[in-house]
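Here is a briefing on one structure. It takes the core, then a helix, then a sheet.

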Amino acid sequence: MATTDAGLASDAHEQPGHGHSDHGHGDHDHPSYLAHHFDTPEQQFDSGKLGMWLFLVTEVLFFSGMFCAYAIFRAWRPEVFEGCSQFLNTKLGAINTGVLLFSSFTMAWGVRCAQKEQHKLLTVMLATTLSCATVFLGVKAIEYSHKWHLGLLPAGLFSYDPSNPHPVGGPNYLAYICAPFVAITIGVAIWLVVSFLRGAKFQLECAKPLLVVCLCFFVGVGLGTILESGGEEGHHEDDHAVVASTDGAAPEHGEAHSHADGDEHAEHEEPAAEAVASLPAAGAMSNDSADLAVLERLATDATNTGLQDELAARKAQSERSSGGILYDVSDDASATVASAPENVLRPSRAGVFFSIYYCMTGIHAIHILAGIGVLVWLLVRSIRMDFNRNYFGPVDYVGLYWHIVDMIWIYLFPLMYLIR
Amino acid sequence: MSAGSVPSGYEVNDPGYPTPQENYLTNSKGILSWAFTLDHKRIGMMYLIGVTSAFLLGGLLALGIRLHLFAPDGILFNNALFQWLAPDKAPNDIYNQVFTLHGAIMVFLFIIPSVPAALGNFLVPVMLGAKDVAFPRLNLSSFYLWVGGALFFVMALLASGLDTGWTFYTPYSTTTDSSVILATTGAFVLGFSSIFTGLNFIVTINTMRPPGMTWFRMPLFLWATYSTSIIQVLATPVLGITLLLLIAERTLHIGIFDPEYNGDPVTFQHFFWFYSHPAVYIMILPAFGIISELISVHSHKRIFGYRFIAYSSIAIALLSFIVWGHHMFTSGMSPITTIIFSALTFTVSVPSAIKVFNWVATMFKGSISLTTPMVYAIAFIFLFTIGGLTGLHLGTLATDMHLHDTYFVVAHFHYVMVGGTVVAFLGGVFHWWPKMVGKMYSEAGGLLSAALVFIGFNLTFLPQFILGSRGMPRRYATYDPEFAPLHQMSTYGALILGVGLFVALFVLLMSLYNGKKAPANPWGGATLEWNCTSPPPFYNFERPPVVGDPYEFGDIRWDTELDRYVKVEPQRERVPLETPAETPAHASE
């Protein structure tokens with residue numbers, strides 16, 4: 001109770017209305033880091049921690065809607081999910097998983113540093129966590145731009161053409177994604193130079209790690225580019241991922257296709273299973289006589305949009321007067337399963353996988369961006385040496401948030417990349 | 001009884017009146033001191049003004065609906081004035097937009113934030129004995145999120161209206177030309193406002209309780225707020241992602257909800273009601289809390305079955321998450337699912353009935369003063385009972401097939417939302433108004449408003465039960481002439497209800513000009529907010545409050561000398577603080 005009284009007495013001097021945000025400065029009973037309405041630092045810490053946990057609960061529920069959508073649509077169209085999953089580059093996903101796990105480790109270490117008042121090490125840990133975040137985004141930029149280039153888009157915009165899986169030209173999506181990061185990097189670099197020239201020590205201290213963080217985005221982009229094109233030569237499962245060069249050109253797909261073709265045929269014996277499993281290897285499919293007619297129908301117009309495609313597919317469906325929800329039953333009795341790949345590649349069906357993929361990974365990426373925002377704030381405060389053994393709450397809360405972002409990715413990775 | 005009869009070792013605690021420097025309303029001046037305030041009381045007052053404006057807007061739209069339905073072919077939106085205002089819109093389109101905006105504004109902008117955000121913000125820390133909520137800045141930002149969400153709704157209204165119904169059902173919401181994206185963005189933003197308020201209250205109640213304030217010494221309003229906050233935190237994110245996916249569906253055609261792209265509209269309904277059914281309890285649970293306080297204080301009797309009321313709030317909060325399917329009995333769920341949801345729906349009536357029985361038992365042999373808040377509370381019990389019991393007709397599969405999407409549903413949820421929440425909200429505002437502004441209102445005016453609201457409300461919505469059971473579908477702009485008498489009755493009722501609400505507003509606003517100064521404890525309440533001056537000082541309490549039983553009225557005495565209620569407390573040492581200017585002479589006794 002005594003502390004309450006002291007708090008009341010000291011706070012009575014404050015100008016209410018305004019003085020709130022700068023609570024109780026310079027009061028010995030009420031340290032500068034303790035907000036006026038709390039009695040003790042413990043109470044403040046507990047409140048913040050409970051609030052953060054509750055916020056994480058809302059985050060989990062926020063994502064739960066999309067996990068539900070994933071479960072529903074995967075239960076309805078398992079072949080679509082398994083087929084489309086092969087368009088995702090497992091190596092890039094795995095790299096990103098590792099990067100995020102490592103960043104969670106450095107974040108947790110950072111919390112420990114804050115508690116032990118190791119200010120230098122805390123700054124290093126936060127900068128490392130931030131760098132991992134930007135590497136993650138760099139890799140993601142490669143993944144996204146590559147898929148957009150191929151036309152692997154949400155249902156309504158889906159324009160992937162199995163007969164022409166590596167379109168030449170088109171907008172350079174990677175450049176669009178990178179542009180803001182380039183701008184920010186240049187900005188930070190200028191800030192660094194200016195603060196160096198003006199001798200602003202604190203600003204220089206802030207700008208140095210931030211420049212490293214910005215540059216790490218391009219490390220991620222480079223890493224992604226190498227792995228994406230590496231997949232082309234080494235592993236045929238990723239042969240659809242041929243187009244990895246940043247200028248959007250597609251080097252030598254033909255060779256890769258024929259190679260993949262033979263490989264896939266050798267691997268799978270049962271024709272139906274092969275048709276499903278090999279479907280992303282579009283080159284292989286286009287050479288398969290059983291599916292040729294279907295693919296021709298789909299691919300008559302290379303510029304077809306998702307909507308046109310959908311209408312065409314519907315027309316075809318009504319012509320055959322089939323009733324199945326998942327499969328079109330064609331005249332050929334054995335074609336129920338064999339025509340599954342066709343269903344998979346029909347825009348509306350393949351599109352729903354990518355709809356869910358973009359919603360989930362996109363909102364996850366937005367969370368990464370938000371995390372970068374709060375981590376930068378922490379980095380600046382850590383350089384200012386705001387934290388001590390009695391006041392490390394913000395580091396702890398941001399750490400919790402960062403772990404949940406990591407956790408969500410740990411669920412997304414197998415559910416999206418590893419279901420073939 | 002006067003202060004003279006105080007036993008030895010006890011003292012009279014009467015905080016008197018606040019000085020302008022202490023009074024939270026006047027201790028700092030200027031528009032910026034309000035715009036950037038972190039004081040929960042000021043934020044609560046700003047919310048009160050905001051939700052009242054939303055209520056006025058939504059209410060005017062409701063009057064528009066009722067006036068249009070006065071004649072079978074409509075009389076309002078097809079007259080010359082509306083044709084001149086919106087020449088390119090058919091009267092029925094205008095009607096669709098008006099009822100949609102009425103619903104959306106009332107649900108998202110008024111009812112959900114009404115009690116928790118407006119009254120809750122003002123009362124939670126004071127009732128708890130805390131100085132503020134745990135996160136004052138988050139509190140202010142949630143108010144501004146509310147403002148932002150409201151602006152989105154106004155933009156939707158001005159851009160091209162909204163005609164999907166407040167439920168945004170697909171596939172219509174993915175194909176209509178009206179401003180679905182603006183409105184859903186608004187609802188998304190408002191959702192975060194609601195989440196942050198709920199989060200703040202949970203943390204405040206968990207960590208900011210002063211010594212002595214145990215869970216079972218908390219006033220029941222706090223239990224109700226706590227249960228509400230649980231729902232706000234757990235359900236609202238699901239609405240958020242649903243609306244986000246709806247926006248993505250409209251812009252990118254993601255094919256999750258839109259059958260055009262092989263999506264599933266019923267999935268949208270499941271997602272939507274997973275939030276929106278619990279949201280119904282966000283609307284009604286805080287009203288239960290208000291009624292528990294009102295009934296007990298104005299009956300001057302300990303609340304009956306404290307723990308049952310407390311636990312039933314939590315039970316309702318938890319049950320609310322597993323009954324959403326009863327909105328979709330006719331949407332094509334499997335028979336077994338509908339039976340399960342129907343059975344679960346009935347279980348919600350148990351904790352609700354427990355509350356009603358406890359309130360009635362509290363009044364039994366109490367010393368009831370028929371003040372304005374008490375009259376509102378009694379009206380609440382009457383109206384909520386009708387609203388709750390008609391809910392059972394809708395939870396029953398066989399009758400719901402007949403009554404689904406008829407005026408019976410409209411009447412049912414208006415009995416719960418208006419007869420329940422709005423009446424409780426008005427009762428709560430009248431009850432705590434002296435505390436909030438420091439002025440007493442005209443009791444006669446308050447009673448008049450309560451009578452008009454009660455009569456007008458019943459006249460509006462009782463006929464709608466009959467209309468619905470005779471087959472009048474909801475959301476229709478025109479109807480068969482045989483329904484005309486009941487519709488006209490309903491319209492007359494709406495006008496009386498409108499007058500009643502304006503009388504209430506007038507009485508409250510007039511009290512600011514000519515109201516008597518309010519004492520600290522005008523009703524003889526025992527909860528902590530009556531221990532501080534009216535209006536409370538900036539830090540709520542001059543000295544840490546002694547936490548006692550919130551429903552022990554034995555030590556609340558009517559002091560004939562002071563002409564007000566005072567509290568008799570065990571004597572304790574005075575903490576040397578600045579002495580209030582108007583310390584009563586006998587306080588040092």
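The largest nonpolar core has 267 residues, and Ile356(A), Ile105(B) and Ile291(B) touch the most other members. Such a core is a set of buried Ala, Val, Leu, Ile, Met, Phe, Trp, Tyr and Cys residues joined through C-beta atoms within 7 Å. Buried means 20 or more other C-beta atoms within 10 Å of the residue's own, with C-beta atoms placed from the backbone. Helix α4 (residues 91–128) of chain B gives this core its largest share, 24 residues.

The model is predicted: local features need pLDDT of at least 70, side-chain atom pairs count only at pLDDT 80 or more, and totals for chains, interfaces and linings use all residues. Residues are numbered from 1 along each chain as its sequence is written, while chains are lettered from A and ligands numbered from 1 in the order in which they are written.

- Ile356(A) touches Met66(A), Ala69(A), Tyr70(A) and Phe73(A), leaving aside residues up to four places away in sequence.
- Contact here means C-beta atoms, placed from the backbone, within 7 Å.

**Helix α2(A)**
- Helix α2 of chain A covers residues 41–76, 36 residues in total.
- Helices are DSSP runs (H or I, at least four residues), and strands are too (E, at least two), numbered from the N terminus.
- From first C-alpha to last, α2(A) reaches 52 Å, close to the 52 Å expected at 1.5 Å a residue.
- The expected span is 1.5 Å times one less than the number of residues.
- A kink of about 25 degrees is centred on Ser64(A).
- The bend is the angle between axes fitted to the seven residues ending at a residue and the seven starting there.

**Sheet in chain B**
- Three strands form an open antiparallel sheet, ordered β1-β5-β4.
- Strands pair if DSSP finds at least two bridges between them.
- β1(B) and β5(B) (residues 564–570) pair over four bridges.
- Val12(B) stands opposite Val568(B) in β5(B).

Technical notes. Buried ≥ 20, exposed ≤ 12 C-beta atoms within 10 Å, placed from the backbone. Contact = placed C-beta atoms within 7 Å.
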